[in-house]
Amino acid sequence: MLMAADGEYLAHVYYGKKIPDEALVGIMRFDESPFTPATNNRDRASYLDTLPLEYPCFGIGDYREPVLRIHAADGTSTCDLRYKGYKITEGKPALEGMPATFATEKSPCNTLEVILEDKPAGLEVSLFYTAFEQLDVITRSAVIRNVGEKDVFLTRALSACVEFDTHELDMITLNGSWARERAVERCRLHHAKQLVDSCKGESSHQNNPFVALCEHKADEDSGEVFGFNFVYSGNFMAQAEVTQHKKTRFVMGINSIDFSWKLGRGEHFTAPEVVMVHSDAGLGKMSRTFHDLYRSNLIRGEYKDKRRPILINNWEATYFNFNTEKLIDIAREASKLGIEMLVMDDGWFGHRDSDNSSLGDWFVYEKKLEGGLKHLVDEVNKLGMKFGIWFEPEMVSPDSELYKAHPDWAIRIKGRELTMSREQYVLDYSRKDVRDYVYSMMKKILDSANIEYIKWDMNRQHTEVGSSALPADRQKELWHRYVLGVYDLMERLTTDYPHILLENCSGGGARFDPGMLYYSPQIWCSDDTDAIERLKIQHGTSMCYPCSAMGAHVSDCPNHTVGRNTPFATRGDVALVGTFGYELDVTRIPQQDRDAIPGQIEKFKKFNPLVRTGDHYRIGNMFEDNTWDAWMFVAKDKSEALFEFVQVLGRPNERSRNIKLKGLDPDAYYYEESKPEEKLSGAALMYAGVNVAKMWNVDGLYGDFVSKTLHFVKA
Ligand code: DGJ
């Protein structure tokens with residue numbers, strides 16, 4: 001709920017559990033000091049420094065974190081937005097050139113546009129709020145227009161601010177590194193500012209653009225939670241600030257480090273979308289709301305509601321060391337086992353034998369792919385399999401023909417040494433000519449053979465950010481223009497090739513964000529394919545991203561990242577949660593593992609509809625107890641549920657575990673598929689629990705890294 005305080009300042013009144021009232025002015029405490037002076041106009045600063053504001057500006061006596069700051073023609077930074085009016089429109093307008101959630105027939109929505117103005121600065125701002133009522137979701141974005149005579153520079157233009165009338169909150173964030181992305185961290189808010197951000201040019205391995213603020217007592221299943229997710233794939237910031245009066249201001253948007261945007265007369269800037277989810281029943285409900293929204297109102301394309309082909313990717317099987325014969329060998333064996341698609345990963349182009357060459361030269365490496373790409377794809381197709389291919393379209397290697405011809409196409413600052421990372425540079429995607437060139441190369445490849453899947457990778461962050469095509473006063477726009485360029489190319493690709501399944505990837509999961517989900521219905525979760533490490537990674541990712549979008553594969557052992565040996569069955573059960581596939585040399589794995597593949601595939605096919613459309617419940621939590629994990633997928637109509645359990649470490653002399661299931665109908669009766677005669681009420685299964693050992697007819701689960709699945713069906 002919003003109001004125009006004093007008729008001028010757009011104030012935040014309330015956000016939380018639904019209430020029927022239209023006005024709640026009492027809770028604003030306008031008669032309390034230090035608001036009082038404002039009414040007689042003596043002390044605007046103390047008024048503004050305590051007033052909960054919807055879109056706070058810098059420089060007018062509100063000393064908390066601003067969302068808008070400018071560099072005006074006279075060199076000053078102050079801006080002061082006052083309320084001008086509002087409009088309500090049906091539906092949800094698209095964000096030009098950027099990803100955003102959309103309305104569908106099943107989830108109609110209305111959009112509120114509140115207009116603010118700063119007359120001296122010549123600025124007008126529209127704040128957009130769309131309520132997806134059935135889902136307890138509000139999305140936010142902002143458009144800032146220069147309606148004055150002079151140029152104005154935005155030096156900060158965040159997307160949303162939410163004020164909380166308390167500091168009694170925990171902040172949950174998803175942090176990590178390469179191969180251990182999105183670990184859940186929770187801390188109590190304290191006075192001052194607590195920030196997560198990225199200034200790497202992508203959303204990053206280190207901090208995900210997700211934050212949840214919740215009551216201290218909130219847990220998986222109870223308590224009030226507010227989730228925020230930024231629909232953007234570049235630099236971001238998300239910050240909670242506890243103020244002097246023990247209130248909390250939360251802001252989210254494009255990172256203002258090295259950000260500046262020139263608004264000439266009549267120009268505008270669009271701040272990307274923030275998705276806000278409210279839950280009155282803990283983190284689990286928050287996650288399920290995000291999952292529902294993203295599955296139906298963000299992910300697009302032919303694969304949106306479809307099971308994805310079971311793929312085998314040759315990266316961990318061969319790395320750069322492959323040729324046509326090797327790939328066909330893998331495909332031949334894979335096709336016999338029921339695998340549906342071969343994905344040729346890095347190393348098929350230019351003269352790439354290691355990661356130090358050829359990016360940008362998107363033509364076939366004939367020495368490796370003897371007979372050409374079409375020959376390989378045709379052979380794979382003849383085996384009854386689809387074919388997919390890897391690209392890293394945003395990058396260029398110093399030894400490439402592309403770089404030699406166009407060194408100025410790399411992001412760099414003239415006169416400065418350019419930092420090398422993974423032996424490659426980043427292309428200047430703010431330039432249309434660069435994007436057009438890369439796209440024309442990709443198109444040639446895509447049109448040359450029957451390619452049905454692309455893995456779009458991105459393996460380095462930005463340094464020395466400068467563009468040879470931008471004037472000095474627009475250089476700081478490059479970070480954002482780059483992201484817009486990436487979106488532009490992905491939009492072209494997915495429009496021109498609607499049948500191609502696009503999977504995003506960034507050195508594992510460094511760009512697992514909702515911006516990318518708008519273009520690709522799945523994202524490679526992490527380069528760490530170890531089943532046990534994946535328990536944490538997938539748990540953290542599920543905080544706001546649907547499991548059906550998580551790229552997850554069964555790989556070989558000892559695991560290439562951590563050296564761990566886990567049973568093949570456990571690897572399959574953990575990958576089952578995601579898109580599912582294989583990342584190994586199927587011609588060389590032990591025969592017993594090979595023999596298990598058809599069964600795993602059958603299991604995946606059976607349960608994938610539940611994973612894609614059901615409700616996800618986290619039961620175990622490896623961040624709190626790393627000896628076990630468990631989770632469920634429950635059909636929306638509660639007619640069936642998949643329960644998965646992993647005993648991570650066997651323990652001596654412990655009582656076997658009773659686990660309380662979640663999400664079932666308490667009044668219905670269920671049986672486990674293998675024991676139709678044993679019926680138990682949903683209430684018993686949820687409130688008393690199931691004994692995991694008894695269910696599998698064993699005294700106790702024995703051994704490390706063992707997994708089990710149970711399928712409960714309504715009687
Ligand atoms: C990083 C990805 O995450 C891997 O899966 C693989 O595609 C390599 N890049 C290839 O260079």
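This is a predicted model: local features need pLDDT of at least 70, side-chain atom pairs count only at pLDDT 80 or more; totals for chains, interfaces and linings use all residues.

Colleague: How many residues does helix 8 have, and what distance does it reach from its first C-alpha to its last?

Modeller: Helix 8 covers residues 432-448, which amounts to 17 residues. At 1.5 Å a residue, a span of 24 Å is expected. The distance from the first C-alpha to the last is close to that expectation, at 24 Å.

Colleague: Within what arc do the buried residues of helix 8 fall, seen down its axis?

Modeller: The buried residues are Val 434, Arg 435, Val 438, Tyr 439, Met 441, Met 442, Ile 445 and Leu 446. An α-helix has 3.6 residues a turn, so residues three or four places apart point the same way. On the other side of helix 8, Lys 444 and Asp 447 are exposed. The buried residues of helix 8 line one face because, seen down the axis, they fall within an arc of 160 degrees.

Colleague: Is Arg 474 buried or exposed?

Modeller: Arg 474 is placed in the loop between strand 23 and helix 9. Beyond its neighbours within four places in sequence, Arg 474 is in contact with Lys 262, Glu 267 and Arg 481. Its relative accessibility is 15%, and buried means under 20%. Arg 474 therefore counts as buried.

Colleague: What distance separates the C-alpha atoms of Arg 474 and Lys 262?

Modeller: The two residues are 212 residues apart along the chain. A polar atom of the Arg 474 side chain lies 3.1 Å from the backbone oxygen of Lys 262. Their C-alpha atoms are separated by 6.5 Å.

Colleague: With which residue does the side chain of Lys 262 form a polar contact of 2.8 Å?

Modeller: Lys 262 is placed in strand 16 (residues 261-263), and its relative accessible area of 15% makes it buried. Setting aside neighbours within four places in sequence, its contacts include Asp 151, Phe 153, Glu 267 and Glu 477. The side chain joined to that of Lys 262 by the 2.8 Å polar contact belongs to Asp 473.

Colleague: What is the omega of the peptide bond from Cys 557 to Pro 558?

Modeller: Pro 558 lies in the loop between strand 27 (554-555) and helix 12 (568-575). The peptide bond from Cys 557 to Pro 558 is cis, with omega near -5 degrees.

Colleague: What phi does Ala 179 have?

Modeller: Ala 179 is found in the loop between strand 9 (169-177) and strand 10 (180-188). At 7% relative accessibility, Ala 179 counts as buried. Although Ala 179 is a residue other than glycine, its phi is positive, near 70 degrees.

Conventions:
Residues are numbered from 1 along each chain as its sequence is written. Side-chain values use heavy atoms; hydrogens and water are left out. Helices (H or I, at least four residues) and strands (E, at least two) are DSSP runs, numbered from the N terminus. The expected span of a helix is 1.5 Å times one less than its number of residues. Buried means under 20% relative accessible area, exposed over 50%, partly exposed in between (1.4 Å probe, protein chains only). The arc is that of the directions from the helix axis to the C-beta atoms. Contact means heavy atoms within 4.5 Å. A polar contact is a pair of N or O atoms within 3.5 Å; within protein, one must be able to donate a hydrogen and the other to accept it, and residues adjacent in sequence count only if both atoms are side-chain atoms.
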